[in-house]
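I opened the notebook to write down what I looked up in this structure. The entries follow in the order I made them.

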Amino acid sequence: QAALGCRAAQVLMQYCILANHYWFLVEAVYLYKLLIGAVFSEKNYYRLYLYLGWGTPVVFVVPWMAAKYLKENAEAGPGEGPVHGCPPPPLSPLQINLLIFMRILKVILAKLRANQKGYADYKLRLAKATLTLIPLFGIHEVVFIFATDEQTTGVLRYIKVFFTLFLNSFQGFLVAVLYCFANKEVKSEMKKKWQLWKLDH
């Protein structure tokens, strides 16, 4: 029973990791679509975003789960030749996000340069846009994408673990602060709700 629970937890963990990466991709695609001004009906694409974010990881986790189950059961000993880690998808969502990230920065830079007279501090605005997009797209993970746990040792391993855990743990919080609570429309709505609540009480 304990072994079954451990296997279920491992499968769930691998699914959640991949789902997290694919939701980074959904965010990147959605923002890019908004930025280039494409006119699409959100009704048509909402279901596609759900399938991409929650459904795509299943395509990779189920074969990995089957291979792991068959391989480990076929071995003579319980710990011999296990199938480690979930295999990355052929085109990693993080690699696609990096390409979208670079394309968005190019568009932002072109727009800021076009309005350079209106925005004297356009370099500062570009830096701010870059820093706010990094947690949203999961670009921080690209830094250590090639440095696996087996390859990193000593201080580099501690740096990798710290940045990965810190940024992954607070990614949702950073996105909420930058794109929700710092948004003028959201702040005005919250202010209205607060005033209404005060009037009611």
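**Notebook: a salt bridge and what lies around it**

I began with Glu 189 and Lys 192, which both sit in helix α6 (residues 184-200), three residues apart, about one turn of the helix. The model is a predicted one, and I kept that in mind throughout.

I checked how these two residues are joined. Glu 189 makes a salt bridge with Lys 192, and the closest N and O atoms are 3.6 Å apart. I then searched the whole structure and found one salt bridge.

The cut-off for exposed is over 50%.

**Overall make-up**

I counted the secondary structure next. The protein has six helices and zero strands, and along the sequence the pattern reads α-α-α-α-α-α. Of its 201 residues, 26% count as buried. I also looked at contacts with a separation of 6 or more: 71% of them join residues 24 or more positions apart.

**Confidence**

I looked up pLDDT before going further. The average for the protein is 76, and 77% of the residues score at least 70.

Where pLDDT is low, predicted coordinates should not be read in detail. I left that stretch alone.

**Annotated segments**

I took the "transmembrane region" annotation from the unreviewed UniProt entry: it covers residues 22-41, 48-66, 126-147 and 159-182. I compared two of these ranges with the model. Residues 48-66 are 100% helix and 0% strand, with the end C-alpha atoms 26 Å apart. Residues 159-182 are 96% helix and 0% strand, and there the end C-alpha atoms are 30 Å apart.

**The largest nonpolar core**

Which residues have the most contacts inside the largest nonpolar core? The core has 20 residues, and the ones with the most contacts inside it are Ile 100, Phe 101, Ile 104, Ile 108, Leu 133 and Phe 137. Two or more residues come from each of α1 (2-35), α2 (42-74), α3 (93-114) and α4 (122-137). α3 gives the most, with six residues. At least three residues come from each of domain 1 (1-81) and domain 2 (116-200).

I followed Phe 137 in particular. Leaving aside neighbours within four places in sequence, Phe 137 is in contact with Phe 24, Glu 27, Ala 28, Leu 31, Leu 94, Asn 97, Ile 100, Phe 101 and Ile 104.

I looked up Leu 50, which is in helix α2. Leu 50 has a relative accessible area of 30%, so Leu 50 counts as partly exposed. Leaving aside neighbours within four places in sequence, Leu 50 is in contact with Trp 23 and Gly 55. Leu 50 and Val 26 are 24 residues apart along the chain, and their C-alpha atoms are separated by 8.6 Å.

Leu 174 lies in helix α5 (residues 154-181). Leu 174 is partly exposed because its relative accessibility is 28%. From Leu 174 to Thr 132 I noted 42 residues in sequence and 8.5 Å in space, C-alpha to C-alpha.

Note on methods:
Residues are numbered from 1 along each chain as its sequence is written. This is a predicted model: local features need pLDDT of at least 70, side-chain atom pairs count only at pLDDT 80 or more; totals for chains, interfaces and linings use all residues. Side-chain values use heavy atoms; hydrogens and water are left out. UniProt positions are given in the numbering used here, feature names are shortened, and annotations may be inferred rather than shown by experiment. Helices (H or I, at least four residues) and strands (E, at least two) are DSSP runs, numbered from the N terminus. A nonpolar core is a set of buried Ala, Val, Leu, Ile, Met, Phe, Trp, Tyr and Cys residues joined through side-chain atoms within 4.5 Å. Buried means under 20% relative accessible area, exposed over 50%, partly exposed in between (1.4 Å probe, protein chains only). Domain bounds come from an automatic or database domain assignment. Contact means heavy atoms within 4.5 Å. A salt bridge is a side-chain nitrogen of Lys or Arg within 4 Å of a carboxyl oxygen of Asp or Glu. pLDDT is the predictor's confidence in each residue, from 0 to 100.
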